[in-house]
Amino acid sequence: KQKIMVAVAIIGALLVLLFQRGIYGKTTVESTKEEAPSLQTTVQQTDKPVVVSTVPSPLEEAIIVPTQVIEITFNIPLENVGEFKNKMEHKSDYTIKLSDDRKTAKIIPAPLFELGTTFTLFILTDSKFDGGKRLDHELIYHFKTLEYKGI
């Protein structure tokens with residue numbers, strides 16, 4: 001009986017953790033609010049464009065649904081949507097939109113990303129930010145879409 005009780009307690013604890021953190025962990029919005037003061041301090045010291053958050057978080061090695069909008073948020077506004085220089089390997093159709101403050105670039109699949117496909121997103125050093133600032137190095141993110149395994 002003790003082994004069964006211990007097993008039930010462990011499973012219960014795991015379920016509690018799963019429901020508290022959610023299937024995909026904390027959302028970027030929550031972590032951004034918690035980390036904002038320390039990030040702003042770092043930003044003021046470097047004064048160079050850096051990524052402060054992504055959706056999904058983390059974007060590297062994320063598994064997304066084919067309709068997922070990917071968001072990359074920087075500490076400095078981009079000059080305009082045309083200055084967000086990027087490319088994606090596995091070719092896919094998508095559009096780019098900027099948030100009102102121009103700090104977040106949204107990559108929107110058009111109509112959707114192909115199922116079961118691995119993508120590599122390159123954010124190029126040619127991207128221009130306010131004040132003529134540019135990235136120090138190319139940013140590279142790998143992610144993939146859910147696989148379709150049939151019914």
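This is a predicted model: local features need pLDDT of at least 70, side-chain atom pairs count only at pLDDT 80 or more; totals for chains, interfaces and linings use all residues.
**Stop one: the open sheet**

Start by colouring the strands β1, β3, β6 and β5. In that order they make up an open sheet of four strands, and the pairing is antiparallel. Which strands lie at the edges? They are β1 (51-55) and β5 (94-98), each of which pairs on one side only. Look along the sheet and you can follow its twist, which averages 15° from one strand to the next.

Now zoom in on β5 and its partner β6 (residues 104-109). These two run antiparallel and are joined over five bridges. Select Ile 96 and you will find Ile 107 of β6 standing opposite.

**Stop two: the aromatic rings**

Next, show the side chains of the aromatic residues. Across the whole structure there are five aromatic pairs. Begin with Phe 113 and Phe 119: the ring centres are 5.2 Å apart and the planes meet at 55°, so this pair is tilted. Phe 119 belongs to strand β7, while Phe 143 sits in strand β10 (residues 139-145), so the pair ties together parts that are 24 residues apart in sequence.

For another group of rings, select Phe 74, Phe 84 and Phe 129, which form one aromatic cluster. Then pick Phe 122 together with Lys 87. The lysine lies over the face of the Phe 122 ring, at 4.9 Å from the ring centre.

**Stop three: Ser 127**

Finish at Ser 127, in the loop that links β7 (118-123) with β8 (128-129). With a relative accessible area of 0%, Ser 127 is buried. What does its side chain reach? Look for the backbone oxygen of Leu 124, at 3.0 Å.

To see the surroundings, select the residues in contact with Ser 127, setting aside neighbours within four places in sequence. They are Leu 78, Glu 83, Phe 84, Lys 85, Lys 133, Arg 134 and Leu 135.

Technical notes:
Residues are numbered from 1 along each chain as its sequence is written. Side-chain values use heavy atoms; hydrogens and water are left out. Buried means under 20% relative accessible area, exposed over 50%, partly exposed in between (1.4 Å probe, protein chains only). A polar contact is a pair of N or O atoms within 3.5 Å; within protein, one must be able to donate a hydrogen and the other to accept it, and residues adjacent in sequence count only if both atoms are side-chain atoms. Contact means heavy atoms within 4.5 Å. Rings of Phe, Tyr and Trp (its six-membered ring) pair if their centres lie within 6.5 Å; planes under 30 degrees apart count as stacked, over 60 as edge-to-face and the rest as tilted. A charge sits over a ring if NZ of Lys or CZ of Arg is within 6 Å of the ring centre and within 35 degrees of the ring normal. Two strands pair if DSSP finds at least two bridges between them. Axes are lines fitted to C-alpha atoms, for helices over the stretch in contact, and angles run from 0 to 180 degrees between N-to-C directions.
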